[in-house]
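Please consult the sequence and the model while reading.

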Amino acid sequence: MNELLRRGPEILPGTWEYEWVASVVAKAAEYAGRDSHWNGKLYEQDGDISGIYHTDGSMTISRKHVLDPARAVYAAEQTPTRDERWAASSATEMAVFQARLSLSEFGDESAPGATPNGSWEDLALERGLADEFTQRYVGRISEDLTEHSLPHGHMSAFPAYTAATRRLMYPLAGATGLGVNQLRDLVESTERTQRFAVIADRAIDHQVGDLVPDAHRAQLREHLTGPLRRGLGGLAMTEHSRLTDPGVKSRWGDSSAEWTALEFETNLDTIKDHYESWNAEHPGVEPPELPDSALETFRDREDEVRQIWAEAGWPAQRPVAGREQAYYQQLPEQLYPNEREQEIARLQQFLWSHTAPSRHTAAQTESGDRSDNVRSIKSAKRPDRGVE
Amino acid sequence: MDAYREAQRLYGEATMSAAQGQDRIAQLEQALQRIGQLVPQAAADQRAALLLMNSSLAEQIAGLAEGSR
């Protein structure tokens, strides 16, 4: 255990603090309709740290930042002041967010098609979903637990992730034949490592399930999870840009989700066309895998979307696998990059050299890790965009 | 710069730091503590976001510490 994250004393069942946290977790589970994976162990969090939900299922929580402000309202015998109610509201939001994290199962990272926990796309999806859950239910949960009304309407900690996740659910619901809430429930109740795969599988099942041989499934899944992983993973750059206004982050999260969904949907249409037209012409005969022309179409789309990101000021995407040389040749020289361009170059370099979006797809695996090839961004992006 | 923007800056800078190993952990710790200290100065509607950014950094440190074991 890192020294700074050292756990304080255990908070035992029967104390006010434990019962409050346990109530928040129980309420979150009740509203979500899923069980929590919290193991019931709660510790005080020392120092200036609000709290952590640990991978072993235990939880730490700050007395100073969360428990004391909550107690001032939830256990109040007199009417709390406005400041106390705001402080308790922030504490509740923190506790609900932690409780929501405890509803997710981490999953097996070694399973086929798994998305590693902590990869950018996993973090974007999980934080976006948890933030949205918190915004939706924090008011109801606090109303269930105290008679004092609490103000809500907090600023988002993850504006790009939350906007993108929320926006994506609508087109993906259509593609999967589910309602938005049904799809969100399906994703949230699936272990984190398999969430992108479950969306792809559900879309394939809904659109062409009975026409696709089992042996084709893994390849098709990659062509659908790729846009989702790149779209959400690439947003790390936006989310962590220090020069970008939160409102701009949120708007780009929203816009990028539209492009992500469009790439997903058009890839799905290509898949559907292939299997349906084969079946119409050769009923009862097992179809071949997608032709090379379809794979080329997927690369064209990936390239187009990458260009759209770059033009919006966020060239976070890797070159399309197999087209690296053309990508690097197109980068114009820029001798005097401004502060914004320097920041973007740093962010891009970080993304490419760490858990870059889509590195887990088959295509990326074949092309290998190209972190040594990273160059400063000198693309045709419009540098004044994306920053406020 | 208000506390929320400052926390967003610290959070982004630390998360995307190119530092490795112990240097990276030290940067994350510094940002974590600074954001924790900013919480009381934050406007009422900003505090929850600071608490979540702070927790998110702590989660990253915990992950790196686990990975280095």
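## A pair of packed helices

In chain A, helix α7 (residues 195–208) packs against helix α10 (residues 246–281) at an angle of about 40°, and their axes are 10 Å apart. That angle makes α7(A) oblique to α10(A), a word for angles that are not under 35 degrees (roughly parallel), over 145 (roughly antiparallel) or 65 to 115 (roughly perpendicular). Axes are lines fitted to C-alpha atoms, for helices over the stretch in contact, and angles run from 0 to 180 degrees between N-to-C directions. Helices are DSSP runs of H or I with at least four residues, strands are runs of E with at least two, and both are numbered from the N terminus.

From α7(A), Ala203(A), Gln207(A) and Val208(A) meet Leu268(A), Ile271(A), Lys272(A), Tyr275(A) and Glu276(A) of α10(A); residues are in contact if their C-beta atoms, placed from the backbone, lie within 7 Å. The residues of this contact comprise five nonpolar, one polar and two charged. Here Ala, Val, Leu, Ile, Met, Phe, Trp, Tyr, Cys and Pro count as nonpolar, Asp, Glu, Lys and Arg as charged, and the others, Gly among them, as polar.

## Basis of the model

This is a predicted model, in which local features need pLDDT of at least 70 and side-chain atom pairs count only at pLDDT 80 or more, while totals for chains, interfaces and linings use all residues. Residues are numbered from 1 along each chain as its sequence is written, and chains are lettered from A and ligands numbered from 1 in the order in which they are written.

## The sheet of chain A

Chain A contains 14 helices and four strands. An open sheet of four strands has the order β1-β2-β4-β3 in chain A, with mixed pairing; two strands pair if DSSP finds at least two bridges between them. Because β1 (7–10) and β3 (51–53) of chain A stand at the edges with a single partner strand each, one side of each is left without a neighbour in the sheet.

Strands β2 (residues 42–45) and β4 (residues 59–62) of chain A run parallel and are joined by four bridges. Tyr43(A) has Thr60(A) as its bridge partner in β4(A). Helix α2 (residues 63–74) of chain A packs on the sheet and touches β2, β3 and β4 of chain A.

## Where the chains meet

The contact takes 30 residues from chain A and 32 residues from chain B. On the side of chain B that touches chain A, the largest share, 14 residues, comes from α3(B).

Definitions and conventions
Contact = placed C-beta atoms within 7 Å.
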